[in-house]
Amino acid sequence: MRLVFAGTPEVAVPALDALIASDRHEVVAVVTRPDAPAGRGRRLVASPVAQRAEEAGIEVLKPAKPRDEDFLARLREIAPDCCPVVAYGALLPKVALDIPAHGWVNLHFSLLPAWRGAAPVQHAVLAGDEMTGASTFQIEEGLDSGPVFGVITEEVRPTDTSGDLLTRLSLAGAGLLAATMDGIEDGTLRPVPQPSEGVTLAPKLEVEDAKVDWTAPALRVDRVVRGCAPAPGAWTLFRGERLKLMSVGLVADRTDLAPGELAVTKKAVYAGTGSHAVELLWVQPQGKKPMRGADWARGVRIGDGERLGD
């Protein structure tokens with residue numbers, strides 16, 4: 001099939017690579033989000049998908065909105081058979097969905113209908129899911145509601161961050177998307193409607209969602225830290241300034257600390273929660289580089305009774 005691939009961030013690159021490598025399909029163009037400011041200089045930088053496509057000599061389309069007439073006209077000229085999608089980052093209007101003969105097929109990082117939305121992996125970690133996966137489905141006008149072509153499963157490990165899990169899913173999902181294109185092309189795959197039960201939503205996480213509530217149980221604190229890593233990044237306040245929490249460890253045998261209360265030893269720093277304590281393994285003070293929690297604690301000289309939080 002002639003394919004137009006739509007995607008933007010780094011997690012979409014493995015799927016693009018898999019389709020470029022396929023001997024059954026041709027990626028004739030890529031659709032991605034416009035160049036965005038990045039780095040200290042805030043200069044415009046092309047998306048990872050755009051950079052990879054340019055390296056491969058593939059035409060790159062960067063519409064401000066996917067309903068722009070110039071973009072739709074070019075898509076009609078290309079006349080793709082199918083448009084595979086991975087984390088493109090914009091809603092597709094019906095006029096665009098109707099152009100390819102086999103529609104647009106999305107690789108979504110959850111076991112649909114669970115975790116429909118922009119942040120499925122983060123919400124799976126936050127919820128304490130033991131199993132997740134990836135699904136390919138036919139895009140409709142509804143939010144991730146289209147019929148499913150195929151799924152793979154992936155265990156959520158106890159120490160997984162969202163970044164860890166997303167990396168594994170992007171690699172395994174690339175094979176699933178390529179296999180889905182094969183099945184559509186040879187007619188062996190038919191999408192199956194999603195069940196109406198078990199629908200959960202996974203909206204984008206905002207900075208305020210990543211604020212740690214120290215009155216919550218330690219397991220919840222751990223999930224927030226892992227689920228919000230690397231972005232938007234779990235955080236708390238210390239002496240009125242934001243402290244980013246990059247990694248914590250559960251300390252089940254320490255229950256003597258009040259929520260947010262800090263305790264320092266020669267080798268570690270602990271914070272109380274609504275249940276037992278957690279050890280602050282890696283933190284990042286405002287305006288500084290990440291550091292070990294114990295090194296941070298020595299540097300700020302924590303006093304008796306000092307706490308994290310408001």
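**Close-up views of a predicted model**

Figure 1. T132 is buried, with a relative accessible area of 2%. The model shown here and in the other views is predicted. T132 belongs to strand 8, which covers residues 131–138. Leaving out residues up to four places away in sequence, T132 touches F109, S110 and L111, together with A124, I152, T153, E154, V156, L165 and L169.

**Figure 2. The whole chain, for orientation.** The chain contains 8 helices and 15 strands. Its C-alpha trace spans about 70 × 45 × 30 Å along the principal axes. Of its 310 residues, 48% count as buried. The accessible surface amounts to about 15,100 Å², and carbon and sulfur atoms contribute 51% of that area. Among contacts in the chain with a separation of 6 or more, 65% are between residues 24 or more positions apart.

**Figure 3. Packing of helix 1 on helix 2.** Two packed helices are described by the angle between their axes and by the distance between the axes. For helix 1 (residues 13–21) and helix 2 (residues 48–55), the angle is about 25° and the axes are 10 Å apart. Angles under 35 degrees count as roughly parallel, and helix 1 and helix 2 are therefore roughly parallel to each other. The crossing of helix 1 past helix 2 is right-handed. Helix 1 contributes V13, L16, D17 and I20 to the contact, and helix 2 contributes P48, V49, R52 and A53. Sorted by class, the contact has 6 nonpolar and 2 charged residues, and no polar ones.

**Figure 4. A15 in helix 1.** A15 is a residue of helix 1. Its relative accessibility is 1%, so A15 counts as buried. Apart from neighbours within four places in sequence, A15 is in contact with F5, V86, A174 and L177. The C-alpha atom of A15 is separated by 44 Å from that of D253, a residue 238 positions away along the chain.

**Figure 5. A172 in helix 6.** A172 is located in helix 6, which runs over residues 162–186. With a relative accessibility of 34%, A172 counts as partly exposed. A172 and G133 are 39 residues apart in sequence, and their C-alpha atoms are 9.1 Å apart in space.

**Figure 6. Helix 7 and its cover.** Helix 7 (residues 218–227) is mostly covered, with 7 of its 10 residues buried. These buried residues are A218, V221, D222, V224, V225, R226 and G227. The elements that cover them include helix 5 (120–126) and helix 6, as well as strand 11 (241–251) and strand 14 (277–285).

Figure 7. A229 and P230 are joined by a cis peptide bond with omega of about 10°. P230 lies in the loop between helix 7 and strand 10 (235–238). A cis peptide bond also joins A231 and P232, where omega is about 5°. P232 is in the loop between helix 7 and strand 10.

Figure 8. A87 is not a glycine, yet its phi is positive, at about 50°. A87 sits in the loop between strand 6 (83–86) and helix 4 (94–97), and at 35% relative accessibility it counts as partly exposed. R239, another residue other than glycine, has a positive phi near 55°. R239 is found in the loop between strand 10 and strand 11. With a relative accessible area of 48%, R239 is partly exposed.

Methods. Residues are numbered from 1 along each chain as its sequence is written. This is a predicted model: local features need pLDDT of at least 70, side-chain atom pairs count only at pLDDT 80 or more; totals for chains, interfaces and linings use all residues. Side-chain values use heavy atoms; hydrogens and water are left out. Axes are lines fitted to C-alpha atoms, for helices over the stretch in contact, and angles run from 0 to 180 degrees between N-to-C directions. Helices (H or I, at least four residues) and strands (E, at least two) are DSSP runs, numbered from the N terminus. Angles under 35 degrees count as roughly parallel, over 145 as roughly antiparallel, 65 to 115 as roughly perpendicular and the rest as oblique. A crossing is left-handed if the near helix is turned anticlockwise from the far one by less than a right angle, and right-handed if clockwise. Contact means heavy atoms within 4.5 Å. Ala, Val, Leu, Ile, Met, Phe, Trp, Tyr, Cys and Pro count as nonpolar, Asp, Glu, Lys and Arg as charged, and the others, Gly among them, as polar. Buried means under 20% relative accessible area, exposed over 50%, partly exposed in between (1.4 Å probe, protein chains only). Accessible areas come from the Shrake-Rupley method with a 1.4 Å probe; for residues, only the protein chains shown count as cover.
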